[in-house]
Amino acid sequence: MPTLRELAQTPEILSGGHRACVGCLSTVGMRQVMASAGSNVVVGLATGCMEVVTTIYPYTAWRVPFIHDAFENVAATISGVEAAYKALRRRGKITEDIRFIAFGGDGGTYDIGLQSLSGAMERGHDMLYVCYNNEAYMNTGVQRSSATPLGAWTSTSPVGSVDVGKKEFPKDLTEIMIAHDIPYVAQAAVHHWKDLATKVQKALRIRGPKFINLLAPCTLGWKYPPEIGLDVSRLAVETCVWPLYEYENGKRKLTHRPKEKKPIIEYLKVQDRFKHLLRPENQAIIDQIQKQIDQRWSRLIEGQS
């Protein structure tokens, strides 16, 4: 298990000076992933917030080989790079051990890039895919994605006299990845650095396709003050809206169990994207969200091997 001292002493692979928003937790999460992975990696990044803020031409914040991909194909690109690497190793042209990491936001992972991600996982490429999940298309104006929670305001799930935010529950992409029967799948959150670092290092020791779904709250789209971002992430875990668990060798295992399972209202009330739900006439939506969280949490507890 990595220590904070060890991570702090690793070289900065994602440099400062990028153009991310104040309080951006996606960059925090990516720094944690890269500190845990080491420098002998090739990174692919789908179009999205993190690509825009880290690679504004003619500059780059990346200190490892880096490929910017279209929204939909980072998994396909990195699977191709991994296949080329294996071919070169067989010919003796490369002898060093190189690892491959693909990053995508929830838009480029849950939605637009799901086909190429599923294909890469099904083909068994030796790569780690990390979804930095901020639950909407933040870079282009906070449009809803299939990761956006029920009842959340976005620019395409508005709040008014007719609608009260997104009408659907979010897609459970972590379980979709588990259904691919790949060697390792995990959920992580940016505030719990040790859990995330442990999962990244474990994933990179395993041969084959791996997937980590990383919750990364967004001060812009979730509408909270930037200084409380890590608290918001923590509340997502403590209310069990975002359980921390892993799937390995066919078994699910909780990696963090809250001492006290908090009600979902504690999470909703600190984000203005949900402020309309606090009106008495919308209590039924909160009850619906709480019921779904409780059911999924119970299934997760019962499903542990």
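In helix 2, the residues G29, Q32, V33, S36 and A37 meet W193, L196, A197, V200, Q201 and L204 of helix 8; contact here means heavy atoms within 4.5 Å. Helices are DSSP runs of H or I with at least four residues, strands are runs of E with at least two, and both are numbered from the N terminus. Sorted by class, this contact between helix 2 and helix 8 has seven nonpolar, four polar and no charged residues. Nonpolar covers Ala, Val, Leu, Ile, Met, Phe, Trp, Tyr, Cys and Pro, charged covers Asp, Glu, Lys and Arg, and the others, Gly among them, count as polar.

A word on the source. This is a predicted model, in which local features need pLDDT of at least 70 and side-chain atom pairs count only at pLDDT 80 or more, while totals for chains, interfaces and linings use all residues. Residues are numbered from 1 along each chain as its sequence is written, and side-chain values use heavy atoms, with hydrogens and water left out.

Back to the helices. Two packed helices are described by the angle between their axes and the distance between the axes.

Next, the cysteines. How many disulfides does a search of the whole structure find? It finds zero, a disulfide being a pair of cysteine sulfur atoms within 2.5 Å. C24 is buried, at 15% relative accessible area; buried means under 20%, exposed over 50%, and partly exposed in between, with a 1.4 Å probe and protein chains only.

Last, the backbone. Y57 and P58 are joined by a cis peptide bond, with omega about 5°. P58 sits in the loop between helix 3 (49–54) and strand 2 (66–69). D181 is not a glycine, yet has a positive phi of about 55°. The loop holding D181 runs between helix 7 (173–178) and strand 5 (184–189), and D181 counts as exposed at 59% relative accessibility.
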